[in-house]
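Trainee: I've got this one open on my screen. Please walk me through it.

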Amino acid sequence: MIKENAIKIMNLGFVCDHCLGRQFAKLLSGYSNDQRGEIVRRLLAMEYEAKPFKLDTSNFHGFTFRRKMKTRKPGICVVCKNLFEELPKFADQAAKILKKMDSKSFMVGVKMNDALAMAEESLWEKSGIAYCEPIKSELNRELGKLVEKKTGKIPDENRPEIIVLLDLQNKQIETLINPVYVYGEYRKLVRGIPQTKMKGHETVEDIIAKPLMKTTRASSHTMHACGREDRQAKCLAWRPFVLEINQPLKRRINLKIIEREINRGKMVKVRNLRYSSRKEIVEIKRKKVEKVYRLRVNFENPVRDIQRVGKIVGVVKQKTPRRLLKSKPDKLRHKKVKSIKWKKINTKIYEFEVRTESGLYINELVSGDKRRTKPSISEILENPGELKQFDVVKIFV
Ligand SMILES: [Zn+2]
């Protein structure tokens, strides 16, 4: 069975030890494919000397037969075109790049080219696939071993810091640097700063990212926060976030120092900075947290019977606010107001503290948005009110 198969393979032309042995990769453990190939080739050479059979004799070049036998000089491997001989060169290239970075772990990937995939296919048509391993996985493993040896860095399939990609189409090594994720909690102490990316504005994200970008020498950043925040609102509660830092050249940094640096600023404060993961971003984004807002509302007329406002507690039906209809689909939401407290500033101005489910639009809770939000504070008090300012004072994480 092995002999018949090996003869079929070797009749295709010269096949290197890797490509020969790989067709028997599932037999015996503890050997590399080129070792398997060597064993099979040696056995076949002995058979051949005992009783010659039809075969491309370049496959036996270099053996010293006791009988006088002629072998042809080997060309290049009909399957891999001697690609395995080039692996040390690619490993050197990868090592050179990896040594510039302070990453500890890496993973190797191979981008196949069509010619190689087809060569493998036509080999399998002849030899079958009973014991074979795909060439891609052998390339992965062998290149990985070489890179590990040259750099001392650790192969990690699950959470590699760097991916070394052997691109066979362009015959080159590419490196993909995985992001660094930093968890933290922030407070925004001033109004008027947007939470995340906004052209021409400094954002909470920018303020937090600045020292991190400088230290990691990264290319870009994205903030994933627990809930969106109105630009005009202060956030006096600690809001959790994960900052994704893309393509960092340096990833081991002292987050305590970063924290101190951010906190030297007056507008945004952070605490509890630590390393995080992509998984935590999903968790933070998915979390539905209740919040307490402090609102200042100016009413058109002097307020009578303020205690009526307690009726707002319960379910509020809210259609997408008119101001957002351009960018969001018109949808009806049911959101709960859990509690409301009030404080009189003067007859026309009140301060409220409202505890709500996440996703309730505060502006419209006050104004009613032309009856698109029901009930609303204006509706209940029969007195048009306007939200003058509001702050997030508590986030129930
Ligand atoms: Zn080969």
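Trainee: Does E185 count as buried or exposed?
Mentor: Keep in mind that this is a predicted model: local features need pLDDT of at least 70, side-chain atom pairs count only at pLDDT 80 or more, and totals for chains, interfaces and linings use all residues. Residues are numbered from 1 along each chain as its sequence is written, while side-chain values use heavy atoms, with hydrogens and water left out. A residue is called buried under 20% relative accessible area, exposed over 50% and partly exposed in between (1.4 Å probe, protein chains only). E185 sits at 10% relative accessibility, so E185 counts as buried.

Trainee: How many residues apart in sequence are the parts that R271 and E185 tie together?
Mentor: A salt bridge here is a side-chain nitrogen of Lys or Arg within 4 Å of a carboxyl oxygen of Asp or Glu, and helices (H or I, at least four residues) and strands (E, at least two) are DSSP runs, numbered from the N terminus. R271 and E185 form such a bridge, with their closest N and O atoms 2.7 Å apart. R271 belongs to strand β8 (residues 268-275) and E185 to strand β5 (residues 180-188), so the distance in sequence between the tied parts is 86 residues.

Trainee: How far apart are the closest N and O atoms of K343 and E351?
Mentor: K343 is partly exposed at 49% relative accessibility, whereas E351 counts as buried at 17%. They form a salt bridge, and their closest N and O atoms are separated by 4.0 Å.

Trainee: What is the relative accessible area of N82?
Mentor: N82 has a positive phi of about 60° although it is not a glycine. N82 lies in the loop between α3 (33-50) and α4 (83-99). N82 counts as buried, and its relative accessible area is 16%.

Trainee: And D305, where is that found?
Mentor: D305 also isn't a glycine, yet has a positive phi of about 45°. D305 is partly exposed, with a relative accessible area of 40%. Its place is the loop between β9 (290-299) and β10.

Trainee: Where is P375 found?
Mentor: The peptide bond leading from K374 to P375 is cis, with omega near -10°. P375 itself sits in the loop between β13 (373-374) and α11 (377-381).

Trainee: Last one: how far apart are the C-alpha atoms of I340 and E353?
Mentor: I340 is in strand β11, and at 11% relative accessibility I340 counts as buried. I340 and E353 are 13 residues apart along the chain, and their C-alpha atoms are separated by 5.6 Å.
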